[in-house]
Structure formats: C-alpha cells, structure tokens
Amino acid sequence: AGMSGTLLSAAASGQTRSRTDAVLRGALEFKDLIKSPGEALNVWDFEPVMRSKINAGHYAYMAQGADDFGTIAANRAGFEKIKLRPQRLVDVSNIDMTTEIFGQKIAAPLYLCPIGAQQMFHPDGEVAVARGAKKKNLVQALSTVANNSVEDVAAARGAPGWYQLYSTDDWKSTLKQVKRAEAAGCTALAWTVDIPSRNLEPIGRFNRGRDPVCQECHKGSEDGGWSQRPMLDGIDMSTVRMGLNGHTWSYVDQLKKATTMKVMLKGIVTREDAARCLEHGVDGIVVSNHGGRADETGRGAIESLPEVLAAVRGRVPVFVDSGFRRGTDIFKALALGAKGVGIGRPYIWGLGAFGQEGVEKVIDILMRELRIVMMQMGSTISTNSVRPMMIDRFITPPANSSNINAQQQPRQYTPCSMPKD
C-alpha cells in the first residue's frame, strides 16, 4: 500500500507539472507587434497588426461569426481530433507541392477564398491579393461583393481565377454576373449555398451614423453599399434581392446550362447534400461553413469533410475551407482526401497589416509549414503521396447507421488502416 501510494503521488505530481509547464501558460508568447512581414513566424502574427490599422467596424465584419462563435471555435477544435502518424526513413530531399486544379497548374493545393469588400482592409483591395496570388502562383476566388471588378482582378492576376456567386431573385441579374466572370477567364463558378439566413451580431454594434470615419467612407451610398460593388454594375439593387430566395436544386441545373465554367457548390457539409450535388452534375464541392459565419452547428469544416468525401468517392474534386491556420491543418485535409484547401482570414490579416507583401508572406508561411509536415510524415508529392495512413482520427458512427441510439453514441477513436499497396 505504501509503495502504491508513493507511485500514485508521484504520478499525480508529474501530471500537475505537465499541466502547468510555463510554456503552455504563455511564457514564450510574443506580445510585441511585428513591424514588417519578414518578422512574422506564423499567420497569427499579422492579426494584431491589422487590427491596429483598420476601422473597428471593418474588423468586426471580418472577425465575426454566427451567434456565439461556436462554429468558429469548432473549426479550430476539429483539427485536434486528427492525429498525425509520421513515416520514418523516407527520402524527402525533394518535395513537390505543385498540383493541377481544373487544368491549371499551381504551386500548392491552396487557394485564396472569396472575401468581400477587401478595400476595408487595404486601399488596393482584391487587386493587391491578385498580385500576391500571381507572384506565388495560387488560385484566387473573387467575391460577388468585391470592391474590384473581375476584369481588373483578372488583369492583375494574369491567369484564370474562380468567381464566387451570390445569386439573386432575378435570373437576368445573376446571369449578367456569370457571363462577366466567364468572359474574364474564370474557370470555376462557386455558388454559395450556406446562408439562407444568419445571425451576425458584432457588426450590429457599430452605428455608421455616429462614426465620422464610417460616414466619410460610406457617404453617398444610401443604397446599402451596392453601388460600391462593381460586379453589380447595371443591376438595380433597389428591385433585386440578393440571396438564396427560395432557390432549390433545380437552380444548379440552370447554372450548368448557362456557363462553360465548372460549377461548384460552396457550403456543403453533409453526405446527403453531397449526393444531391452529384445527382445534379456539379463539377466540384467546397466543404465550408463560411469560416463559422454561416450557422451555429458546432461542427468544424474538417469534421464535415470525411462524410462528404465518402459520398463523393472521387467522382468530383472536393475542396475545403474554414479555420485553416497551419500547415498541419492543410496536411490533415489532404490526407483525408481534399483536392485543395482554401485560406480566408489569414491572408486578410496579411493584407490589412502590410498589403500585397503581407498576403505573400502569409502564403510563404503556410507553404513552408506544409513542406515541413510533408517531410515529417514522409510525403514527397502533395497530390498523391499524402495518404490516410498518415493520420488517425476520431470518427462518428457509420453512415448506414439508422438506429437513433447508434447515432447518439459517443465518438470513438479509430486508426486509419494501412493501404494495400
């Protein structure tokens, strides 16, 4: 009893020390603001710099999430449920991160997500991002509510991009956007389907009428700001309503018939909707919860990815965004089977902090981290040597489980099986 008591005491003491290691309590936390992109060591270094430079209302627009930010938190927590399994003694002296998406060869399986009104963060807005994407050879997706036109962004990028579509209740108005994007050389159209309605509170705390900075920026935009969105030029937004507006799956068929671009649906998070996507002939799926801005599901995008992939079974490419901040995050998505990973807020942090140079540095950091984890895991080619054997993950009950009690069972830890080859 004495010996066992001593061992238990020692174990408890060890646990206490582990929980209170100074480094885990912020002892090495860097508190100063970086003064140049070159000083940044991770993407979070840009966020406080951006916050110090931009209007508080603009920051709220970028940072906000649905309800109590539970899905924003879930996006990050989801990565912790996936563990890495390094493969040793692999020759990783030559790492190839290049990939091809819709016929376009890019530097890495990454793309820059569509984010609206980027002149809130830097005067050059989406054009600065396009120049950064050009220098780093990544795909840029342009938002319907961008401050720069698809033509100007395409000219700055010098290569095909994607266009994110917010549909309207007027088909002619929607079609006008689609045809402009097509004419500008966009290769893919990503129709956002995840916000039939939502609750965003932070931006509601700011009253433009009482803020002289806001008044200066938004003067003359009594139409709600639509006139500042060049992709809506020539559309009378006083009579046209933007949103899903009762659209159903037949709208996918309508878009497919209207354009030569690849048609993707952005905001798919369940196997049922993934199956419906295939039934309607989509060319790609983007697993996304709008960076936690769409709804308060409490599910991270990375947690939604496996069931979508299982439903698709490789028939169309599946992309994912929402919450990606590290190279390890990107690697986990690739190991699960994603074709590419979208980066959102981090490049906006870089844009707001240092403009184009900040965007480029954010890309550099993520690519460097991805390269490191590929080497650690024994993966040399991002598109075909990142395999499920390199991760373990917590999983939900099987998709064919129809028993309610089974659906309510707690998650269980299951190692991925080794490949037969």
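Which side chains meet in a salt bridge at 2.7 Å, N to O? They belong to lysine 81 and glutamate 303. The pair ties together distant parts of the chain, 222 residues apart: lysine 81 sits in the loop between helix H4 (70–80) and strand E1 (82–84), glutamate 303 in helix H11 (residues 301–312). A salt bridge here is a side-chain nitrogen of Lys or Arg within 4 Å of a carboxyl oxygen of Asp or Glu, and by that rule the count is 15.

Keep in mind that this is a predicted model: local features need pLDDT of at least 70, side-chain atom pairs count only at pLDDT 80 or more, and totals for chains, interfaces and linings use all residues. Residues are numbered from 1 along each chain as its sequence is written, and side-chain values use heavy atoms, with hydrogens and water left out.

How covered are these partners? Buried means under 20% relative accessible area, exposed over 50%, partly exposed in between (1.4 Å probe, protein chains only). Glutamate 303 counts as buried at 15%, while lysine 81 is partly exposed at 28%. Next, glutamate 307 bridges to arginine 299, with the closest N and O atoms 2.8 Å apart. Glutamate 307 is buried at 14% and arginine 299 partly exposed at 25%. Shared partners join Arg271, Arg299 and Glu307 into one network.

Now look at lysine 31 and glutamate 29. Their salt bridge has its closest N and O atoms 3.6 Å apart, and both residues are exposed.

Definitions and conventions: Helices (H or I, at least four residues) and strands (E, at least two) are DSSP runs, numbered from the N terminus.
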